[in-house]
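I opened my notebook beside this structure and looked up a few things one by one. Here is what I wrote down.

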Amino acid sequence: NQVQEELERNKAEAIVDKFSVQSDLLKLMKTSPNISKARSLDGIIEIEIRDEDSEVIIYGENGDIVNTARELIEFEEKNYVVPRSLVSRIIGQKGKQIQEIIDRSNIAKVRFPSDHETRSILNMSKSEITKNAIIILIGTKQANENACTMMDYLVGSLNEIQAMHKQHRRLDSQAE
């Protein structure tokens with residue numbers, strides 16, 4: 001019981017960061033290996049995850065360590081807009097391409113919303129939605145940034161390949 005009393009005393013003197021999390025993201029956060037990394041940071045007193053109100057409370061010795069822990073564990077959704085014509089190539093054969101991005105960037109998962117959800121996210125008309133799609137990246141801020149960088153490279157490469165194919169077809173038709 002002495003350990004519990006000391007923990008409560010340390011928590012009372014701690015820098016506290018309390019934030020709400022969507023319940024589906026809270027589940028991902030709880031199972032992420034980052035939660036144990038954050039809890040083992042020097043200067044973190046405790047990290048509480050409260051399912052009943054979808055809340056996370058970080059107790060730490062100083063603001064910097066509390067912010068570091070939050071960056072490690074806080075999950076967010078990032079909307080990545082892509083040309084609809086590239087979606088199947090981004091996914092790749094048997095999902096291999098998108099899985100590689102998930103694995104290398106350490107995001108938790110990706111989600112492909114319905115056209116209706118995409119329209120409401122982007123606030124677009126039906127005709128505009130035929131040109132674009134959204135890929136929702138779900139992970140920590142850093143993981144999402146990594147995934148966006150990889151997606152930028154992939155989309156840029158696929159756009160270049162498409163442009164080269166168009167030019168090749170144009171040259172072929174001129175040659176005939």
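**Entry 1: the model.** I noted before anything else that this is a predicted model.

Entry 2: I looked up how the strands are arranged and found an open sheet of three strands, in the order 1-3-2, with antiparallel pairing. Strand 1 (15-20) and strand 2 are the edge strands, each pairing on one side only. On average, neighbouring strands here are turned by 10° against each other, direction ignored.

I then checked how strand 1 is joined to strand 3 (residues 55-60): the two run antiparallel and six bridges link them. As one example, I picked Lys18, whose bridge partner in strand 3 is Ile57.

**Entry 3: helices on the sheet.** Which helices lie across strand 1, strand 2 and strand 3? I found helix 1 (residues 2-13) there, running at about 90° to strand 2.

**Entry 4: Glu48.** I went back to strand 2 (residues 44-50), where Glu48 has its place. Is Glu48 buried or exposed? Its relative accessibility is 14%, and buried means under 20%, so I put Glu48 down as buried.

Next I asked what the Glu48 side chain meets. It makes a polar contact with the side chain of Lys11 at 2.6 Å, and another with the side chain of Arg50 at 3.0 Å. Leaving out residues up to four places away in sequence, I listed Lys11, Glu55, Val56, Ile57 and Tyr59 as the residues Glu48 touches. Ile57 was already in my notes as the bridge partner of Lys18.

**Entry 5: the largest nonpolar core.** A general reminder to myself: in soluble globular proteins, nonpolar side chains tend to be buried together. I looked up the largest nonpolar core here and found 20 residues, with Val82, Ile90, Leu137 and Met151 having the most contacts inside it. At least two residues each come from strand 4 (75-83), helix 5 (87-91), helix 6 (96-105), strand 6 (132-140) and helix 9 (141-175). Helix 9 gives the largest share, seven residues.

I followed up on Met151: not counting residues up to four places away in sequence, Met151 touches Tyr80, Val82, Ile90, Ile98, Ile101 and Ile135.

**Entry 6: a second core.** I also found a second, separate core of 19 residues, with Phe19, Met29, Ile35 and Ile136 among them.

Note on methods
Residues numbered from 1 in each chain as written. Predicted model: local features only at pLDDT ≥ 70, side-chain atom pairs only at ≥ 80, totals over all residues. Heavy atoms only, no water. Core = buried A, V, L, I, M, F, W, Y, C linked by side-chain atoms within 4.5 Å. Buried < 20%, exposed > 50% of the residue type's maximum accessible area, 1.4 Å probe, protein only. Helix = DSSP H or I, 4+ residues; strand = E, 2+ residues; numbered from the N terminus. Contact = heavy atoms within 4.5 Å. Polar contact = N/O pair within 3.5 Å; in protein donor to acceptor, adjacent residues only side chain to side chain. Pairing = 2+ DSSP bridges. Axes fitted to C-alpha atoms, helices over the stretch in contact; angles between N-to-C directions.
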